[in-house]
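Please take a moment to look through the structure shown here before reading on. The paragraphs that follow go through it step by step.

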Amino acid sequence: MTIEHVKTASANQTYRRLFNYTKPYWSAFAISIIAIVIFSATEISLAAIMEPLVDGSFVERDPDTIRLIPLAFIGIFIIRGIANFVTSYGLGWIARNVIKTLREEMFARLISLPASFYDQSTPGQLMSKLLYDVEQVANAVTDAIIVVIRDSITIVGLLAWMIYLNGTLALIILLTVPIIALLIYKISGRFRRISKMIQASMGDVSHVSSEIIEGHREVKTFGAQQYEIKRFDKINQHNRRQRMKMLATDAISQPIIQFITVLGLSLVIYLATVPEMLEQITPGSFISFVTAMFMILTPIKRLTKINGKLQQGIAAAQSIFSLLDEPSEPDTGTKTIDRAQGDIQYKNVNFSYNSTNGKVLEDISFHIKPGQTIAFVGQSGSGKTTLVSLLTRFYTLNSGEILLDGININDLNLTNLRQQISLVNQQIVLFNDTVANNITYGHTQHISNEKIIAAAKAAHAWDFIERLPDGLATQVGQNGVLLSGGQRQRLAIARAILRNAPILILDEATASLDTKAERHIQAALETLMEHRTTLVIAHRLSTIENADQIVVMHDGNIIEAGTHSELLAKGQHYAQLHSLQFQDKSVETTK
Ligand SMILES: Nc1ncnc2c1ncn2[C@@H]1O[C@H](COP(=O)(O)OP(=O)(O)O)[C@@H](O)[C@H]1O
Ligand SMILES: [Mg+2]
């Protein structure tokens with residue numbers, strides 16, 4: 001999808017923007033350019049030296065020239081070698097710095113992007129930008145700078161030398177150059193189009209493979225190996241086709257360009273040998289002219305070749321810039337609260353994820369006082385998760401407002417708002433780090449072990465942490481795979497306890513656990529809920545009977561609200577849900 005979303009900047013704008021990244025290194029850039037120019041000069045002097053070599057050494061047998069020419073060769077190659085080193089090193093240094101800056105910016109941008117952006121992109125596509133596209137840009141631009149500058153100077157220099165030697169013959173060469181230039185222009189457009197498709201298809205390759213890596217258990221249990229292999233095959237095949245198109249364009253363009261050049265060359269040789277011309281030309285200048293003609297072929301060839309690479313680089317840069325241009329989470333709020341009381345009010349909140357899908361929440365209003373617990377129940381898909389995630393401003397309301405301690409949350413500084421809230425949900429995210437660092441995640445200052453242990457104890461996590469091979473220093477593995485579901489949950493609770501935010505959101509925090517593990521966690525959650533305003537979404541109604549308010553949701557609407565006993569007495573929706581669960585339980589026990 002990313003590709004369609006790219007507001008394609010013109011190649012020119014992209015060059016300029018990319019060039020801006022090299023500005024801090026302008027001195028290194030200047031030195032490299034000088035080195036490139038010097039290198040090109042040695043190239044031209046190699047053609048030029050042919051004239052005195054042939055006329056002076058062989059025809060006239062001038063002793064000075066005979067002695068000087070070998071020395072001149074050595075000198076030219078020493079200068080050439082040094083210039084070559086300075087160029088490669090200097091431009092390489094700039095490129096690596098630019099890559100580092102681009103990665104830094106992309107990373108910072110990714111961290112600041114709103115939830116809605118992540119809903120629409122896949123990790124694979126984003127990773128491919130960060131890893132593959134950035135390298136593409138660097139390779140392309142470095143090579144392109146070297147080749148474009150060096151070879152255009154060389155071409156112009158050699159042409160000038162040929163004109164100086166013989167204007168008539170040079171004219172023929174001059175006529176073939178525009179034809180070649182036109183060809184390059186035509187080919188470059190095609191290169192860029194294919195490059196974009198290759199990038200998108202690299203994103204797909206990494207997307208599908210990262211899905212089977214992350215979901216390897218599901219793939220195995222559902223026996224979906226063949227399906228995944230087929231799916232990957234298709235993408236892989238598409239990638240190969242695009243690559244082949246690129247390769248074919250590249251392969252056909254080169255012989256055509258060379259053929260045109262050789263036509264010009266043959267014409268020159270033919271014309272140079274007609275009698276009138278032979279009188280004007282010395283053997284030295286003819287050899288020098290033909291040398292220059294042969295030498296001009298290589299830079300022309302390289303120029304046409306580099307073009308493909310440069311186009312790849314531009315396409316990659318456009319993909320990078322499109323990410324950098326994604327708007328960050330809106331944060332215009334300026335007010336801050338030290339520590340919220342925890343008075344939360346939703347007023348006529350309406351919300352939809354996007355304009356095409358219908359409303360997800362309709363006219364939601366409720367009020368919850370500091371320290372109270374409000375519970376949301378209802379079928380899955382009724383909008384409970386959406387409702388609580390609006391409090392953290394993961395998404396923007398369509399209309400209505402949410403007040404925290406009487407302040408519209410949009411007027412609060414985003415970081416400050418989120419500092420007031422701890423979130424524990426069903427999908428616990430742990431980082432591939434130690435138990436201790438997972439518990440203290442997000443704290444910038446050092447937290448003593450005593451504090452961590454106290455939090456772990458309150459979360460009923462300490463007994464299992466103690467038994468881990470390295471205690472608090474144990475590595476939990478990627479997303480905590482080395483721990484059980486209940487253990488992960490308790491780590492998340494310990495994290496929330498240590499965070500000590502005045503507002504707590506529990507979204508099906510115990511849904512995936514068995515009853516035995518749940519008892520521990522229920523106790524841990526109760527500790528956590530003390531003195532906090534809590535919004536809890538619970539699958540098992542038994543866990544929310546003591547809530548100050550229970551809200552029943554259906555299709556994005558509040559259809560009932562009250563305390564447990566009030567709602568039971570009413571005998572409607574909540575009472576129905578309740579008796580359903582009670583039935584399930586009795587069935588379970590009689591089994
Ligand atoms: N990120 C999202 N983008 C688009 N639609 C979503 C997103 N998350 C949830 N929805 C839709 O919003 C509705 C409410 O979902 P959700 O709040 O998760 O319900 P619940 O938590 O009650 O199960 C569902 O129809 C769901 O498909
Ligand atoms: Mg949910």
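What is the order of the six strands in the open sheet? In this model, which is predicted rather than determined by experiment, the strands follow the order S6-S7-S8-S3-S9-S10, and their pairing is mixed. At the edges of the sheet are strand S6, covering residues 421-425, and strand S10, covering residues 557-562, each of which pairs on one side only. As you pass from one strand to the next, the twist averages 15°.

Within this sheet, strand S3 (residues 373-378) and strand S9 (residues 549-554) pair in the parallel sense, over five bridges, and here Gly378 stands opposite Met553 in S9.

Turn now to a pair of helices, H7 (residues 123-165) and H8 (residues 167-214), whose axes come within 11 Å and cross at roughly 175°. Angles over 145 degrees count as roughly antiparallel, and H7 and H8 are therefore roughly antiparallel to each other. On the side of H7, the residues making the contact include Pro123, Tyr132, Leu159 and Ile163, while H8 contributes, among others, Leu169, Ile173, Met202 and His207. Taken by type, the residues of this contact of H7 with H8 divide into 11 nonpolar, nine polar and one charged.

Key:
Residues are numbered from 1 along each chain as its sequence is written. Chains are lettered from A and ligands numbered from 1 in the order in which they are written. This is a predicted model: local features need pLDDT of at least 70, side-chain atom pairs count only at pLDDT 80 or more; totals for chains, interfaces and linings use all residues. Axes are lines fitted to C-alpha atoms, for helices over the stretch in contact, and angles run from 0 to 180 degrees between N-to-C directions. Helices (H or I, at least four residues) and strands (E, at least two) are DSSP runs, numbered from the N terminus. Angles under 35 degrees count as roughly parallel, over 145 as roughly antiparallel, 65 to 115 as roughly perpendicular and the rest as oblique. Two residues are in contact if their C-beta atoms, placed from the backbone, lie within 7 Å. Ala, Val, Leu, Ile, Met, Phe, Trp, Tyr, Cys and Pro count as nonpolar, Asp, Glu, Lys and Arg as charged, and the others, Gly among them, as polar. Two strands pair if DSSP finds at least two bridges between them.
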